[in-house]
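Please read the briefing below alongside the sequence and the three-dimensional view. It begins with a question about a single residue and then turns to the whole chain and to selected sites.

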Amino acid sequence: MPHLLHLDSSADPRSSASRAVTAAFVAGWRERGSAFTVTSRDLQADPPPHLPDAALHWSPGLRTAQEVVDPADEARQQTYLDELLAADVLLLGAPMYNWSLPSTLKAWIDHVHVLGTTVPFGEFETRPLAGRPAVVVSSRGASYDAGGEQASWDHTVPPLELVLGRSFGMSVSVITLQLTLADRVPAMADLRDRAAAEADAARSYAGELAGRIAA
Ligand SMILES: Cc1cc2nc3c(=O)[nH]c(=O)nc-3n(C[C@H](O)[C@H](O)[C@H](O)COP(=O)(O)O)c2cc1C
């Protein structure tokens with residue numbers, strides 16, 4: 001059965017732009033029929049802790065004799081890994097926070113980017129997520145597509161492309177929502193129409209993309 005893992009990480013419970021787009025993707029996925037199942041995890045409501053032990057970066061077979069981990073920490077990590085490995089498609093809501101990732105999403109990544117388990121290392125050549133689609137929905141208050149100095153300030157999408165694409169071998173699509181603060185920031189008032197149009201376009205595109213990936 002085609003299964004989607006849907007993760008949100010916005011800390012905005014009122015008007016999150018990324019949550020609206022991931023919801024449109026989930027709706028498009030569910031439209032394909034009842035066989036198209038979904039697991040949703042809200043990383044803001046139920047945040048992973050910071051990685052409690054660096055030994056968890058390594059699969060059990062790659063740990064040193066001194067790297068004995070707390071069973072509760074290992075069980076929590078295994079829950080995240082099981083959810084990810086059971087998914088045919090991964091959907092991530094990834095707002096830009098201080099040019100980077102929400103700390104909840106970063107903590108989840110630190111739990112699932114595991115050498116010898118999700119990433120090949122040494123004699124552990126496994127890459128179980130290779131070829132599976134991953135969709136990143138990245139919302140940001142300003143815009144970073146005008147070239148110049150600001151073009152290099154996005155540290156939200158590039159690390160996700162490295163982890164999901166380069167390390168896991170997933171096929172990554174990115175939906176970017178810009179100017180989400182246009183309604184709030186007076187100096188951005190003349191950008192409001194553009195922001196609204198981009199938000200509409202992102203929601204429609206997410207629904208279409210879900211249908212295409214599910215097909
Ligand atoms: C803690 C925090 C840090 C932020 N840092 C940035 C930033 O560096 N650049 C930016 O363009 N917007 C920044 N914003 C604005 C958010 O990216 C914007 O509101 C976005 O829409 C958040 O996603 P959401 O609407 O899904 O919650 C920040 C917002 C918060 C709450």
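Which residues does Thr-118 touch, not counting residues up to four places away in sequence? Thr-118 touches Leu-81, Leu-85, Val-112, His-113, Thr-126, Arg-127, Pro-128, Leu-129, Ser-167 and Phe-168 under that exclusion, where contact means heavy atoms within 4.5 Å. This is a predicted model, in which local features need pLDDT of at least 70 and side-chain atom pairs count only at pLDDT 80 or more, while totals for chains, interfaces and linings use all residues. Residues are numbered from 1 along each chain as its sequence is written, and side-chain values use heavy atoms, with hydrogens and water left out.

**Overall architecture**

- The protein has five helices and five strands, these being DSSP runs numbered from the N terminus (H or I of at least four residues for helices, E of at least two for strands).
- Along the sequence, these elements follow the pattern β-α-β-α-β-α-β-α-β-α.
- The radius of gyration of the protein is 18 Å, which agrees with the value near 17 Å that a compact globule of 215 residues would have; the radius is taken over C-alpha atoms, and the globule rule is 2.2 Å times the number of residues to the power 0.38.
- Taken along the principal axes, the box filled by the C-alpha atoms of the protein is roughly 60 × 40 × 30 Å.
- Among contacts between residues at least 6 apart in sequence, 76% join residues at least 24 apart.

**Burial, surface and charge**

- Of the 215 residues, 43% count as buried, a class defined as under 20% relative accessible area, with exposed meaning over 50% and partly exposed in between (1.4 Å probe, protein chains only).
- The accessible surface of the protein comes to about 10,500 Å², and 53% of that surface belongs to carbon and sulfur atoms; the areas come from the Shrake-Rupley method with a 1.4 Å probe, and for residues only the protein chains shown count as cover.
- There are 17 positive and 26 negative side chains, and the centres of the two sets lie 3 Å apart; Lys and Arg count as positive and Asp and Glu as negative, whereas His and the chain ends are not counted, and each charge is placed at NZ of Lys, CZ of Arg, CG of Asp or CD of Glu.

- Thr-118 lies in the loop between helix H3 (103–112) and strand S4 (133–139), and Thr-118 is buried because its relative accessible area is 0%.

- The buried residues of H4 are Val-157, Leu-160, Val-163, Leu-164, Gly-165 and Ser-167, and what covers them includes S3, H3, S4 and S5.
- After H4 comes Gly-169, whose phi is positive, near 80°.
- Ser-143 lies in the loop between S4 and helix H4 (157–167), counts as buried at 17% relative accessibility, and touches Gln-150, Gln-178, Leu-179 and Arg-194 when residues up to four places away in sequence are not counted.

- Most residues other than glycine have a negative phi.
- Asn-98 has a positive phi near 50°; Asn-98 is placed in the loop between strand S3 (89–93) and H3 and is exposed, with a relative accessible area of 69%.
- Leu-179 has a positive phi near 60°; Leu-179 is found in the loop between strand S5 (171–177) and helix H5 (192–214) and is buried, with a relative accessible area of 3%.

**Two partly exposed residues**

- Tyr-205 lies in helix H5, is partly exposed with a relative accessible area of 33%, and is in contact with Ile-175 and Arg-212, leaving aside neighbours within four places in sequence.
- The C-alpha atoms of Tyr-205 and Val-21 are separated by 8.8 Å, although these residues are 184 residues apart along the chain.
- Ser-100 lies in the loop between S3 and H3, is partly exposed with a relative accessible area of 28%, and contacts Pro-95, His-155 and Thr-156, leaving aside neighbours within four places in sequence.
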